[in-house]
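Please go through the model shown here with a view to its local geometry, its strand pairing and the surroundings of selected residues.

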Amino acid sequence: MAVIGAFGTVVVVGVASGPPVAALPARAGALVHPPVAASAATAASGGEHADAYADPGVLPFGDATSYGAPTNGPTLASPVVAMARSADGKGYWLAGADGGVYGYGDAPFLGSAGAVDLNAPVVGMAATSSGSGYWEVAIDGGVFTYGDARFFGSTGAMTLNEPIVGMAPTPDRLGYWLVASDGGVFAFGDAGFFGSTGAIKLNSPVVGMAATPDGAGYWMVAADGGIFSFGDAAYYGSTGGQTIPASIAGMATTADGQGYWLAGSDGSIFPFGDATSLGDNTSATPTQPIAGIVATPDAKGYWLLEPDAFPTSFDHPGGGDRAVVAAVAGAVEGNPDTGQGSFCNPYGPCEPWCALFATWAWQQAGIPVPRYPFTGSIDGWAAANTALAPATATAQPGDLLLYGTGPQDASTSVHTGVVAQVWPDGAVVTVEGDAGPGPYGHYNVVINGPFLPTDSATYNGFPVYAIARS
């Protein structure tokens, strides 16, 4: 069951869903920004914005039903990162990175951390088997309980080797597991420890986990679709040895635990064991990044979570240069292909355009930066005009993360993203151009994170080498 294949540049949310509970716990990555009206600054600049997505946000297949999503309501303060279903599958909850919870169908609102100033962002959630409670888990392993979900412990006070990416509850709701991106497993309550990959060097990071129906085992899934099974969790196959078009977003198990689905960040579905494909989202144009999969109670359906459909303001937590954040939040984001050729985009010439988008955002906020096509040029301009901070510094909203190993050339300075939110522990959410799953040269403007910049080499596929201050 070795994980085979190199980790790509997009990491997405993992899923832990084991009957009778389905959930989406894991960190987010490559989440597409929702369709919102263009800002006044954007309109004044001649309409430089991308085509909007206009999707339901929660995509049902098989006997799964859409019960709604925050696509047309109030703008969310933080991006959606997780989903869990109610016991009968006639409702579901969505969770934001700031801990906000949104219930639909028969999933009741039982409380949230949305009004709390969290030390670290929420990256996942799981529901109790009764459907009368749920947990939220943060990237540092802090656990928050609501309804009949009980607290059995956390890693919030520990120093972790790698960040937490997800959780799975035991069937009797008297325990849960937390899993880190290196496959380290932390068991609490009556959750048994059956093994981990914490001491193994993985080719791709773990993005989620799922428990067996009797709670005597669990699976972990990596970004390349490698599956690791422990306890009574049987191995039914993986995509670890295959060439897949996009990184894996997560997994969901069938009702009897004798199969599972893997969902790709491009909306592709890979069934194994007694799991059968009930549809996917790969025919969508443009490609709409998927954050995870949640199965219905009878496993005759599943939902795909598409956070690009949710309007997000990045208000909580706030701070930093809010003018830059308002610019990227106000831009209508999605796939900006103009149809005029490879890499043609609304922000500059037909060429790779992550730096064009980032410097456009700074310009919208009144920063007199040139519209640079090369990320390394941002490094030099910031050092001379604003400020350049080392990769180890704590980022601030409005900053630009410069990815790679240095500003020398395109092989060392490979990408950039606009910091939209920062938590006290240093975790960030970014908005990035020319990123996300999709055909080569037809990438999106996406929300990426939450992730720790110091973990970027694992999470994004390349490290941060500097931070350009706004």
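The questions and answers below take up these topics in turn.

This is a predicted model, in which local features need pLDDT of at least 70 and side-chain atom pairs count only at pLDDT 80 or more, while totals for chains, interfaces and linings use all residues. Residues are numbered from 1 along each chain as its sequence is written, and side-chain values use heavy atoms, with hydrogens and water left out.

Q: At what angle do helix α3 and helix α4 pack?
A: Helices (H or I, at least four residues) and strands (E, at least two) are DSSP runs, numbered from the N terminus. Axes are lines fitted to C-alpha atoms, for helices over the stretch in contact, and angles run from 0 to 180 degrees between N-to-C directions. For α3 (residues 354-364) and α4 (residues 375-385) the axes are 8 Å apart, and the packing angle is about 35°.

Q: How do the residues of the contact of α3 with α4 divide into nonpolar, polar and charged?
A: With contact meaning heavy atoms within 4.5 Å, C354, A355, T359 and W362 of α3 meet T375, I378 and W381 of α4. In this division Ala, Val, Leu, Ile, Met, Phe, Trp, Tyr, Cys and Pro count as nonpolar, Asp, Glu, Lys and Arg as charged, and the others, Gly among them, as polar. The residues of the contact are five nonpolar, two polar and no charged.

Q: Which side chain of opposite charge is nearest to D379, and how far away is it?
A: D379 is placed in helix α4 and, not counting residues up to four places away in sequence, touches L388, L402, P407, Y465 and A466. Lys and Arg count as positive and Asp and Glu as negative, with His and the chain ends not counted, and a salt bridge is a side-chain nitrogen of Lys or Arg within 4 Å of a carboxyl oxygen of Asp or Glu. D379 has no salt bridge, and the nearest side chain of opposite charge is R469, 12 Å away.

Q: Why is one side of β2 and of β18 left without a neighbour in the sheet?
A: Two strands pair if DSSP finds at least two bridges between them, and the open sheet of three strands, with antiparallel pairing, has the order β2-β19-β18. One side of β2 (58-62) and of β18 (292-295) is left without a neighbour because each stands at an edge, with a single partner strand.

Q: Which residue in β19 stands opposite A295?
A: β18 and β19 (residues 301-305) pair in the antiparallel sense over four bridges. Opposite A295, the residue in β19 is Y302.

Q: Which residues point each way from strand β10, and are they buried or exposed?
A: Six of the six residues of β10 (residues 175-180) are buried, so the strand is largely enclosed by the rest of the structure. G175, W177 and V179 point one way and Y176, L178 and A180 the other way, and all are buried.

Q: Which residue in the turn between β9 and β10 has a positive phi?
A: Five bridges join the antiparallel strands β9 and β10, and the bridge partner of I164 in β10 is A180. The two strands form a hairpin with five residues between them. The residue with a phi of about 60° is not a glycine, is partly exposed with a relative accessible area of 30%, and is R173.

Q: Which residue in the turn between β10 and β11 has a positive phi?
A: β10 and β11 (residues 185-189) pair in the antiparallel sense over five bridges, with Y176 opposite F188. Their hairpin has four residues between the strands, and the residue in the turn with a positive phi, of about 85°, is G183.

Q: How far apart in space are G153 and F186?
A: G153 lies in the loop between β8 (143-147) and β9 (164-169) and is buried, with a relative accessible area of 12%. Leaving aside neighbours within four places in sequence, G153 is in contact with V143, Y176 and F188. G153 and F186 are 33 residues apart in sequence, and their C-alpha to C-alpha distance is 9.6 Å.

Q: What is omega for the cis peptide bond that joins H316 and P317?
A: P317 is found in the loop between β19 and α2 (322-330). The cis bond joining H316 and P317 has an omega of about 0°.

Key. Buried means under 20% relative accessible area, exposed over 50%, partly exposed in between (1.4 Å probe, protein chains only).
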